[in-house]
Amino acid sequence: GIPVLLRIPEWAHSATVDGKRAQNGSMWEGLAAAGVTTKFHVDFHPSVRVEQWYNGAVSIHRGALMYSLPIAANYTVYGHHFGTAEMSNDYYLHPISKWAYAIDIEDLTQ
């Protein structure tokens, strides 16, 4: 057969390939038959996780996704490095929409 390698992400603690456990943070190895279609059913089973940050801040993730809320902002260029006016700028962002939200992480960590 033809070797097949699938990357199983570190966050995929309950991943399966064709219904069998696949080790997270590793390369899964299988074989595909030559000359015919071979299918593998991959399920990462993503779970919600909370990451703790500085000063009590947290981020909420599900698999490779990090959830966020949009924050409208005014952009002010404070540095320009090269190219046109839209290229390679450094910005100050000043929020113009509500941004100070809280979430009770106890509901997520039980």
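Author: Start with one term. A residue counts as buried under 20% relative accessible area, as exposed over 50%, and as partly exposed in between. The model shown above is a predicted one.

Reader: How does that rule sort Tyr75: buried or exposed?

Author: Tyr75 has a relative accessibility of 56%, and because exposed means over 50%, Tyr75 counts as exposed.

Reader: Where does Tyr75 lie?

Author: Tyr75 is part of strand β9.

Reader: Which residues form a nonpolar patch on the surface?

Author: Tyr75 is one of them; the others are Val77, Tyr91 and Leu93. Together these residues have about 420 Å² of accessible area. Two elements each give two or more residues to this patch: β9, which covers 73–80, and β10, which covers 89–95.

Reader: Sequence distance and distance in space are separate things. How far apart are Tyr75 and Pro95 in each?

Author: In sequence, Tyr75 and Pro95 are 20 residues apart. In space, their C-alpha atoms are 9.0 Å apart.

Reader: Next, the sheets. What is the order of the strands in the sheet that holds β7?

Author: The order is β6-β7-β8, in an open sheet of three strands with antiparallel pairing. At the edges are β6 (48–52) and β8 (65–66), each of which pairs on one side only.

Reader: How many bridges join β6 to β7?

Author: β6 and β7 run antiparallel and are joined by five bridges. Between β7, made of residues 58–62, and β8 there are two bridges, again in the antiparallel sense.

Reader: Which residues stand opposite each other in this sheet?

Author: Arg49 stands opposite His61 of β7. On the β8 side, His61 has Met66 as its bridge partner.

Reader: What does the side chain of Arg49 meet in a salt bridge?

Author: The side chain of Glu51, with 3.7 Å from N to O. The cut-off for a salt bridge is 4 Å, so this pair falls within it. By this rule the count comes to one salt bridge.

Reader: How accessible are the two partners, Arg49 and Glu51?

Author: Arg49 has a relative accessible area of 28%, so it is partly exposed. Glu51 has 27% and counts as partly exposed.

Reader: Why is Asn55 counted as exposed?

Author: Asn55 has a relative accessible area of 69%, and therefore counts as exposed. Asn55 has its positive phi although it is not a glycine.

Reader: Which other residue has a positive phi although it is not a glycine?

Author: Asp18, with a phi of about 55°. Asp18 sits in the loop between β2 and β3. Its relative accessibility is 41%, so Asp18 counts as partly exposed.

Reader: Which sheet contains β2 and β3?

Author: An open sheet of three strands in the order β3-β2-β5, with antiparallel pairing. β3 (20–21) and β5 (42–43) are at the edges with a single partner strand each, so one side of each has no neighbour in the sheet. Strand β2, residues 16–17, is joined to β5 by two bridges, and Val17 has Val42 of β5 as its bridge partner.

Reader: Last, pockets. What does a probe tell us about empty space?

Author: A probe the size of a water molecule, rolled over the atoms, shows where empty space is left. Here the largest pocket has a volume of about 480 Å³.

Reader: How many residues line the largest pocket, and which lie nearest its centre?

Author: The lining has 15 residues, and those nearest the centre are Val58, Tyr67, Leu69, Tyr101 and Ile103. The element that gives the most to this lining is β7, with three residues.

Methods: Residues are numbered from 1 along each chain as its sequence is written. This is a predicted model: local features need pLDDT of at least 70, side-chain atom pairs count only at pLDDT 80 or more; totals for chains, interfaces and linings use all residues. Side-chain values use heavy atoms; hydrogens and water are left out. Patches are made of residues with over 30% relative accessible area and no salt bridge: like charges are joined within 9 Å, nonpolar side chains (Val, Leu, Ile, Met, Phe, Trp, Tyr) within 5 Å. Accessible areas come from the Shrake-Rupley method with a 1.4 Å probe; for residues, only the protein chains shown count as cover. Helices (H or I, at least four residues) and strands (E, at least two) are DSSP runs, numbered from the N terminus. Buried means under 20% relative accessible area, exposed over 50%, partly exposed in between (1.4 Å probe, protein chains only). Two strands pair if DSSP finds at least two bridges between them. On a 1 Å grid over the protein atoms alone, a cavity is a set of points where a 1.4 Å probe fits but cannot get out, and a pocket is an open set with protein on both sides within 12 Å along at least five of seven lines; lining residues have an atom within 4 Å of a point. Grid points are joined across faces, edges and corners, and a volume is the space filled by probe spheres set on the points.
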